Amino acid sequence: MKLQLGVFLIACLLSTVYSEGSVEFCYNLPACNASTWATLAPHDCNGTNQSPINILTAGVMPDSNLTAFTFRGFNDSSTLINILNTGKAVQIELDSEKMSVSGGGLQSQYNSTQFHFHWGNGTSVNGSEHAVDGRTYAMEMHIVNLRTDLTAAAALNDSKGFAVLAFFIEATNDSGIPESWKNLTSFLSNITNIGATMDIMNSLTVNSLIQGVDLNNYYRYQGSLTTPACKESVVWTVFKDPIKVSNDLINLFSNTVRINTTADPFITNNNRPFQALNTRTVTSQLKVESTSQPTISSTTSAASTLHHTLLSSIALLYYVLFRCL
């Protein structure tokens, strides 16, 4: 119990530093919404390496260093500790001692501390923070990872202090699928008000939530936190394949959890607008070009040989029949 409480407190500290810094902000009021953040936190929110961005595929450059990731603890249900209503998002605290990310072109190992969601207004208004060629999605999931050799405070002032894995969430016309998301959203009714938490250990895994995504196919760029103080300390990985979730489950985020208490509005449109790319470059994996003389596998060769044998036999049969007539 003491260990679990300790991990929870550390995770809360990390998530607070990541998501808010020391700046009070909001999404729903003119006095503190995204249009004011450059004034609320002028030192960083006015920077040149801000996030999120609209990824224009025509300008994406190949990078051979973007290899496969190594994920530790992503298939372990004991690593998800609590689900929390922060008043700005739904957040899941992770056991950073059991979860980590490395490889994938990252220069260090990163411990996984939490993941959270950004959304619009149900499935009627998309709320993903990133976009690809202007296309947005219903939601976006961010897995936040802290570099193992840095404290959270130090990471905020290091351009590679955090590695965030971003997943698009695409709405489908199905109902109640996938099962992992049905399970996840079933907890939302227990965290309606700000600060409400629920123990979800041994309920689901991170891998079950990102099923169907090719984890070797992604975009990479250098950017910032997407909330004040907008510190430019994030190595962003944006996966190309979306997670597919049914409409009814996506809608639960916008009609269950509230900004404060039952007298306050639901959390909606908690996504920051696109920021300018400026001089940055977005990279991705090298495209594999086909050669003029492709290597043929033994299976393909055998099939080809059989095909030619059959054609020859048919031709011989026609020849014999023709001679006999």
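This report walks through the disulfides of a predicted model.

## Ground rules

Residues are numbered from 1 along each chain as its sequence is written, and side-chain values use heavy atoms, with hydrogens and water left out. Because this is a predicted model, local features need pLDDT of at least 70 and side-chain atom pairs count only at pLDDT 80 or more, while totals for chains, interfaces and linings use all residues.

## Pairing overview

You will find two disulfides here, a disulfide being a pair of cysteine sulfur atoms within 2.5 Å. If the bonded cysteines of the chain are numbered in sequence order, they pair as 1-2, 3-4.

## Cys26 and Cys32

Cys26 is joined to Cys32 with an S to S distance of 2.0 Å. The link of Cys26 and Cys32 is right-handed, with 100° about the S-S bond.

Both Cys26 and Cys32 are buried (under 20% relative accessible area; exposed is over 50%, partly exposed in between, with a 1.4 Å probe and protein chains only).

## Cys45 and Cys230

In the disulfide of Cys45 and Cys230, the sulfur atoms lie 2.0 Å apart. The angle about the S-S bond is 75°, and the link of Cys45 and Cys230 is right-handed. Cys45 belongs to helix H3 (residues 42-45), and Cys230 to the loop between strand S12 (218-223) and strand S13 (234-239), so the pair ties together parts that are 185 residues apart in sequence. Helices (H or I, at least four residues) and strands (E, at least two) are DSSP runs, numbered from the N terminus.

How buried are these two cysteines? Cys45 has a relative accessible area of 6%, and Cys230 has one of 0%.
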